[in-house]
Amino acid sequence: MDNQITKPEILIQRIVLLALAILLAVPLGFFGVQLVQASDPYVKSVLSLTGNPVQGHAIFQINCAGCHGLEADGRVGPSLQAVSKHKSRYGLIRQVISGETPPMPKFQPSAQEMADLLNYLESL
């Protein structure tokens with residue numbers, strides 16, 4: 001009996017199918033993550049608002065400057081200059097509200113305050 005698994009043609013077909021499956025899974029996974037992130041009611045609310053960077057700067061001064069510096073250039077916490085180039089809008093919102101990065105505290109601004117803060121952070 002011929003073992004078809006060891007035939008080179010069958011092996012190449014299986015490798016190609018596996019590579020194709022992986023190539024399809026990556027964008028679908030990324031899309032799925034984006035869909036879940038966008039379905040969060042708080043995030044949807046924040047992203048639907050227009051933030052005011054002047055208000056965002058004031059919010060930053062009150063809540064964040066103690067660690068991140070008066071102009072977000074770093075002190076105890078890291079510099080946030082150009083942070084929006086390293087983190088997505090969702091990532092920035094999550095970072096602020098989650099408290100998952102000690103010693104950064106959990107911060108629960110209103111949707112408008114978060115939109116203002118996000119706009120300020122994106123202006124850095």
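**Around His-68**

Modeller: Start with the contacts. Leaving out residues up to four places away in sequence, His-68 touches Phe-60, Asp-73, Gly-74, Arg-75, Gly-77, Pro-78 and Leu-80. Keep in mind that this is a predicted model. His-68 sits in helix H4, which spans residues 65-68. Its relative accessibility is 12%. The cut-off for buried is under 20%, so His-68 counts as buried.

Follow one of those contacts, Phe-60. Phe-60 is buried. It also belongs to an aromatic pair, and a search of the whole structure finds one such pair. The partner is Tyr-120, with the ring centres 5.4 Å apart. The ring planes stand at 50°. Planes under 30 degrees apart would count as stacked and over 60 as edge-to-face, so this pair is tilted. The pair links distant parts of the chain. Phe-60 lies in helix H3 (residues 53-63), Tyr-120 in helix H6 (residues 111-123), and 60 residues separate them. Tyr-120 is buried too.

Phe-60 leads on to the largest nonpolar core, which has 21 residues. Phe-60 is among those with the most contacts inside it, along with Val-46, Ile-93, Met-114, Leu-117 and Leu-121. Helices H2 (41-48), H3, H5 and H6 each give two or more residues to this core. H6 gives the most, with seven. Not counting residues up to four places away in sequence, Val-46 touches Ile-93, Ala-111, Met-114, Ala-115 and Leu-118.

Now the charged contacts. The structure holds two salt bridges. In one, the side chains of Glu-122 and Arg-89 meet, with 2.8 Å from N to O. This bridge also links distant parts of the chain: Glu-122 is in helix H6, Arg-89 is in helix H5 (residues 89-98), and they are 33 residues apart. Glu-122 has 29% relative accessibility and counts as partly exposed. Arg-89, at 38%, is partly exposed as well.

In the other bridge, Glu-100 pairs with Arg-94, and the closest N and O atoms are 2.6 Å apart. Glu-100 is at 54% relative accessibility. Exposed means over 50%, so Glu-100 counts as exposed. Arg-94, at 35%, counts as partly exposed.

Next, a surface feature. Leu-17, Leu-20, Leu-24 and Leu-28 make a nonpolar surface patch of about 430 Å². Leu-24 lies in helix H1, residues 8-39.

Last, the whole chain. It has six helices and zero strands. From the N terminus on, the elements run α-α-α-α-α-α. Of the 124 residues, 25% count as buried, and His-68 is one that counts as buried. Among contacts between residues at least 6 apart in sequence, 52% join residues at least 24 apart. The accessible surface comes to about 8500 Å², and 65% of it belongs to carbon and sulfur atoms.

Back to your histidine, then.

Notes: Residues numbered from 1 in each chain as written. Predicted model: local features only at pLDDT ≥ 70, side-chain atom pairs only at ≥ 80, totals over all residues. Heavy atoms only, no water. Phe/Tyr/Trp six-rings, centres within 6.5 Å; stacked < 30°, edge-to-face > 60°. Helix = DSSP H or I, 4+ residues; strand = E, 2+ residues; numbered from the N terminus. Buried < 20%, exposed > 50% of the residue type's maximum accessible area, 1.4 Å probe, protein only. Salt bridge = Lys/Arg side-chain N within 4 Å of Asp/Glu carboxyl O. Patch = residues over 30% accessible without salt bridge, like charges linked within 9 Å, V, L, I, M, F, W, Y side chains within 5 Å. Areas by Shrake-Rupley, 256 points an atom, 1.4 Å probe, with all protein chains shown as cover. Core = buried A, V, L, I, M, F, W, Y, C linked by side-chain atoms within 4.5 Å. Contact = heavy atoms within 4.5 Å.
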